[in-house]
Amino acid sequence: MAGWIVISVSLAYLCLLFAIAYYGDRRADRGRSLITNPAFYALSIAVYCTSWTFYGSVGRAAVSGADFLPIYLGPSLMFLLGWFVLRKMVRISKANRITSIADFVGARYGKSQLLAGLVTVIAVVGILPYISLQLKAVSQSFGVLLAYPHAGQLHPAHAAPFHLDEALYVALLMGAFSILFGTRHIDASEHHQGMVAAIAFESLVKLVAFLAVGAFVTFGLFAGFADLFSKAAADPELARRFTLAESGGTSAWIMLTLLAMAAIVCLPRQFQVIVVENLHERDLRKAIWLFPAYLIAINIFVLPIAIAGLVFFPQGNVTPDTFVLALPIAAEKPWLALLVFLGGLSAATGMVIVETIALSTMVSNDLVMPLLLRARWLGLAGREDLTGVLLGIRRGAIVVIVLLGYLYFRLIGESYALVTIGLVSFVAAAQFAPAMLAGMFWKGGTRAGALAGLISGFALWTYTLLLPSFARSGWLPQEFIEQGLFGLGLLKPYSLFGLTGFDPVGHATFWSLLMNVAAYTAVSMLTRQNAIERIQAARFVDVFSQAPAPDAAFWRGTATLSELRDLVARFIGHDRAVQAFGDYARARGVDLDRLGHADADLVNFAERVLAGAIGAASARVMIGSIATGETVSIDEVMRILDEASQILQYSRELELKSQQLEAATRELREANLRLQELDRLKDDFLSTISHELRTPLTSIRSFSEILVDNPALDAAQRSDFLAIITREAERLTRLINQLLDLAKLEAGRLDWQMADFDPGPVVQDALAATQPLIAEKSIWLETDIPRDLPYVRADKDRLTQVVINLLSNAVKFTEPHKGRIWVRARATEDFLELSVRDNGPGIPAEWQDRIFEKFLQVRAPEEYKPQGTGLGLPICRQIIEFFGGRIWVESERGRGSLFAFTVPLSRAMTRRMVEAA
Amino acid sequence: MQKATFPNRPAMRGPGSRAERFIGLFLIGAVAFVPPILSLFNSRVLLGGIPILYLYVFTVWTVLVVLAALVVSQLPAERAHDTPTSNGSAAERPETES
């Protein structure tokens with residue numbers, strides 16, 4: 001294929017990337033973000049899949065079978081924990097304006113410049129090979145494509161001098177992209193929306209390209225998965241790829257899974273897209289499943305392509321790393337080959353762009369800037385406007401990193417397969433994991449511990465991976481690998497201290513992470529945190545709790561407002577500084593112009609703004625240079641933190657207490673309402689009772705007076721009056737008896753004579769007792785009382801009282817001559833049910849529930865007002881309920897009412913009846 | 001009063017216990033993808049034309065992702081903390097909110 005076609009298509013593609021990024025930034029500037037859909041976030045995380053995935057996975061599968069998978073299973077597992085780990089990282093970083101992973105680690109351990117610088121050095125040294133790997137992949141795929149239609153061979157003229165090497169120009173273009181879209185803001189904690197949009201687009205392109213070639217191979221060159229695999233299964237040499245490697249396959253699998261789990265959060269570019277570029281915390285929700293789904297999709301065709309490559313190029317003259325491209329070329333599909341090339345290009349460029357942006361931020365904030373500010377002879381610390389310097393450093397860093405990557409590739413990269421280079425970087429990045437992850441969940445980690453862990457991990461990485469790679473490239477004698485340092489067998493870099501059974505990467509992972517974790521933990525336990533470490537540890541670990549942030553207490557002293565504003569302005573520019581302080585004033589409702597001195601809160605605000613631009617560690621140093629007064633001591637910090645946690649606990653307890661109080665108050669209010677109602681009822685009752693008592697009393701008294709005053713009354717009149725007095729006295733007695741009954745019932749002091757008896761005679765007695773009343777009003781009575789009713793268990797006299805009461809009520813409420821009363825008794829399984837029905841006026845529904853309450857009749861409308869005390873029904877209810885039955889009313893206005901009650905049958909009787917039956 | 005003793009317990013537990021399902025999923029994944037279990041499938045046998053190891057890994061993987069999506073969909077909607085920080089110079093919220 002002609003070089004110019006490939007070059008112009010590549011250029012066109014890169015132009016498209018620039019256009020997307022430009023458009024994305026324009027939209028973001030106008031406040032109409034292009035990447036509001038969380039899918040963009042998930043896709044941008046897929047920058048994890050570099051050209052190493054695109055070409056290298058197939059290469060690895062072709063060589064050693066299934067063990068390309070852990071590189072993708074690890075991140076998928078990590079994302080299952082995303083809700084706890086990633087969300088916390090994002091929250092911490094937003095709260096602290098974290099700009100990079102170096103910043104994150106540095107800030108966690110007391111805003112340590114040393115630690116941040118160390119992380120930066122490790123990242124740059126560790127990641128450079130990875131960047132060069134991308135350039136190598138681009139160069140290699142370019143060469144393969146140029147050789148079209150000779151599949152898998154490099155173009156003969158490809159060993160170009162570097163000024164003709166397209167990889168160099170790709171690298172420079174990528175650098176330009178990073179500079180344009182990655183260093184637009186001074187504030188590195190801000191989002192590069194255009195860059196993210198372009199990266200998301202690249203993730204789509206590489207996925208589509210890979211799926212296209214996979215589908216072509218599986219369904220075009222073969223007749224589907226089953227055909228492809230069954231052909232391979234016939235050849236034991238090919239079928240080897242269906243399984244893990246036979247020797248050391250399982251231990252390598254575990255190590256790779258661990259490594260990939262760490263890499264997905266520790267690689268600087270992953271930290272950049274997952275944490276720094278995160279627009280909204282809620283976007284994580286979608287990424288938690290969408291990113292692993294992406295990984296599944298991009299891995300489905302890896303093995304089929306690898307198998308197909310082995311089938312089509314059995315002589316081994318085609319590098320497995322280029323199978324993805326060589327297969328469409330061999331099948332003479334130039335456009336598919338071009339699409340694959342673009343997919344690989346997008347995978348490589350996406351990685352280079354994000355990685356250089358992340359690394360340049362780290363280099364400028366955590367390495368160069370601190371050094372420059374310290375170097376007094378430069379006079380930089382006194383310079384008015386440092387924004388230009390800051391951006392210049394970042395842009396310079398990008399160019400330097402890209403060129404270093406290229407240099408590495410030219411000098412050393414040719415000797416290695418793609419996958420091995422990538423894994424070397426993974427192991428380096430994984431060294432951040434202990435300090436970072438433990439730092440988020442364990443407050444005890446100290447700065448010294450983190451330093452010790454990082455240094456030992458990095459040293460072991462250097463010894464077991466980096467130096468051997470130099471040896472392989474001929475920079476160090478080969479004996480170093482074979483015989484160990486100074487010829488000591490125990491120091492062989494690939495089997496340190498005699499450890500065997502691992503591949504070099506697994507071996508290095510094991511030793512470096514083991515020593516890293518051990519040093520981190522041991523030194524953390526042996527050293528003490530100073531005040532700011534303690535504060536930062538609490539801020540990171542407790543980021544989700546609502547404890548008051550203790551940082552406001554760190555700066556005791558104050559700074560003058562103008563000094564503070566000038567300082568911030570020097571790093572982020574005058575306009576933006578004024579705007580930031582203005583926003584602060586509005587949010588807190590303070591007037592800055594009246595505030596001569598900045599208080600601790602404002603000083604901390606300024607520090608955070610600065611941290612977004614130059615990193616937490618440098619920001620702290622800069623603020624420290626102008627804030628006067630002293631910082632707090634460790635004892636005070638402990639006290640403050642204790643207080644904070646106590647306050648938190650108190651406030652939780654208070655909240656609980658107040659909720660309990662509210663509930664109690666509510667109950668009290670309800671109880672009080674009931675009491676008031678009862679009180680009113682009692683008053684009503686008393687007035688009714690007194691009225692009821694007074695009526696007979698009055699007549700007794702007046703008739704007695706007549707008798708006393710008129711001794712000459714004739715005998716007939718006298719006996720009439722005496723009869724009235726007797727009757728009224730009886731009425732009075734009855735009333736008082738009822739009252740006493742009720743009182744006793746309620747107090748539970750009544751003497752109950754419980755017995756088993758036949759209820760029939762009781763009902764007959766009651767009917768006989770009320771017969772005069774019924775006859776007096778000429779009421780028609782109908783009874784239905786079976787003769788053989790079962791025995792009930794109750795108090796005979798009380799039961800009679802209830803029946804009489806119901807009967808007399810019925811009589812009272814029916815009209816003379818027209819009245820009808822039905823009395824009916826029935827035995828159910830456990831109860832005797834007796835009902836008294838009348839054709840009186842009936843009881844409205846709203847009163848039916850309440851007529852069994854005492855005193856009720858007082859408030860009843862006149863027409864329902866019973867003649868009597870109104871205590872009858874309440875007494876009935878007390879009695880029936882004491883027996884264990886219930887009493888109720890069924891009524892409808894104008895249709896009469898039915899009072900019924902149940903009394904439990906005698907158990908002994910029931911048993912006897914059952915036995916008899 | 002029993003009810004009033006821990007009035008906000010249900011509200012506090014709800015999201016927490018749902019999110020804890022992620023830990024369950026992670027443990028399932030961690031067990032399913034390490035050698036003891038994995039080596040049960042480490043064979044050249046084809047099942048339905050697919051190497052059994054790949055069939056196993058991709059099936060479990062897909063199931064885990066689907067379950068993760070289910071758990072996510074059941075999490076309560078996120079409130080607050082979410083003011084976009086794209087305009088980074090905007091006033092910071094007081095720390096206690098975050």
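What follows is a conversation about terms and the values behind them.

Guide: This is a predicted model, in which local features need pLDDT of at least 70 and side-chain atom pairs count only at pLDDT 80 or more, while totals for chains, interfaces and linings use all residues. Residues are numbered from 1 along each chain as its sequence is written, chains are lettered from A and ligands numbered from 1 in the order in which they are written, and side-chain values use heavy atoms, with hydrogens and water left out.

Visitor: Why does A:Arg394 count as buried?

Guide: Buried means under 20% relative accessible area, with over 50% called exposed and the range in between partly exposed (1.4 Å probe, protein chains only). A:Arg394 has 2% relative accessibility, and therefore counts as buried. A:Arg394 lies in helix H18 (residues 387-411) of chain A, a helix being a DSSP run of H or I with at least four residues, a strand a run of E with at least two, each numbered from the N terminus.

Visitor: What makes the pair A:Arg394 and A:Ser364 a polar contact?

Guide: The term asks for a pair of N or O atoms within 3.5 Å, where within protein one must be able to donate a hydrogen and the other to accept it, and residues adjacent in sequence count only if both atoms are side-chain atoms. The side chains of A:Arg394 and A:Ser364 are joined at 3.2 Å, and the pair is listed as a polar contact.

Visitor: Why is strand S8 of chain A described as largely enclosed by the rest of the structure?

Guide: Strand S8 (residues 887-891) of chain A is so described because 4 of its 5 residues are buried.

Visitor: What makes S8(A) and strand S9 of chain A a pair?

Guide: Two strands pair if DSSP finds at least two bridges between them. S8(A) and S9 (residues 897-904) of chain A run antiparallel and are joined by 5 bridges, and A:Trp888 has A:Ala900 in S9(A) as its bridge partner. The hairpin of these strands has 5 residues between them, and A:Gly894 there takes a positive phi near 80°.
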